[in-house]
Structure formats: structure tokens, C-alpha cells
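This report describes the secondary-structure elements of one chain and how they are arranged. Please read it beside the sequence and the structure shown here.

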Amino acid sequence: MDHIDRALLARLQQDATQSYAALGQAVGLSAGAAHERVRKLRERGVIRRTTVEVDPAAVGSAVLAYVMVDSTSWMGDSAQDFAALPEIVEAHVIAGSASVLVKVRTATTEQLQDVLRRIYAIEGVSGTQATVVLETFFERPLSPHTADGA
């Protein structure tokens, strides 16, 4: 990936609906060349999908919690169990005092409590510790630029 690919990624993260002509103009390429670069980024798996950012509160998911999941066994094979709970928007096997970290969105704290019950029912889960978010300062997309600025 070169600086043009990184610039294209940054522009697409700001607005994935912009035309290839606008993308090309922003990075000094023709529309066709920009389209070809984006196609290659998709083929290589750099761009995994194109999506929209939705305001969670506007769709009834204002309560955000991060849940540390303790276990009695290795949880690396339990991805489908966590994915079966639609309120879980991210799940990660982690190192440390817990085995899994999940990000949960619900409309109410009562619904969060129900999700915690369902997590606890997953085989191998021995406990949970939830941290409820009161306010989000910001969320950043992954920067296409490396630490050295390349």
C-alpha cells in the first residue's frame, strides 16, 4: 500500500458514497484509476465491506456496555454462541483476567441484564463484569496511515 491507497482509504472512511471522480480528484488520479485502486483494495481484503454509521440512540440502542466474560475453559471456540446474541456488536478473545470481551448495545438497562443472563448461559462462562458507558467522547475509524506517517 502506498500513500495514494492510504489517502483513498481515508477519504472513503469519511464518506464511502463519494464518486470515483471525486476520490480521484482528491488524490490526483482519474476516476478510472481511482476505481481500479479501490477494486484492488477490495480484492486484497484491505476494504472488507462498505457500510453506514448509524446513531445507536436513534434506533433504540442507547445503552452501551463492555462486558468482561470469565470462563472455566478456553472460549476460543465459542464465537457462534456470542454471535447468536444480536445485542453483542463485538466479541474478542482476550488475554488477562477475563477470557472474552464483548461490546453490547441495548435500549434499556433491563435489556442489558437479560443479555448478561444469556451470556452467563453460554457453556464455559463462569461470570461477567459489565461496565456501562455514560458518555462517549469519540470513536475513531482505524487510520489507514502508519505510525511513521507513510
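Helix α5 (residues 109-120) lies across β1, β2, β3 and β4 and runs at about 155° to β4, where angles from 0 to 180 degrees are taken between N-to-C directions of axes fitted to C-alpha atoms, for helices over the stretch in contact. Helices (H or I, at least four residues) and strands (E, at least two) are DSSP runs numbered from the N terminus. The model is predicted, so that local features need pLDDT of at least 70 and side-chain atom pairs count only at pLDDT 80 or more, while totals for chains, interfaces and linings use all residues. Residues are numbered from 1 along each chain as its sequence is written, and side-chain values use heavy atoms, with hydrogens and water left out.

The strands form an open sheet of 4 in the order β2-β3-β1-β4, with antiparallel pairing, two strands being paired if DSSP finds at least two bridges between them. Because β2 and β4 stand at the edges with a single partner strand each, one side of each is left without a neighbour in the sheet. The twist averages 20° from one strand to the next. Strands β1 and β3 run antiparallel and are joined by 7 bridges; among the partners, L64 is bridged to R105 in β3.

| Strand | Residues |
|---|---|
| β1 | residues 63-71 |
| β2 | residues 88-93 |
| β3 | residues 100-106 |
| β4 | residues 125-132 |

Elsewhere, helix α1 (residues 3-14) packs with helix α2 (residues 20-27) at an angle of about 130°, their axes being 10 Å apart. The contact (heavy atoms within 4.5 Å) is made by I4, A7, L8, R11 and L12 of α1 together with L23, A26 and V27 of α2.
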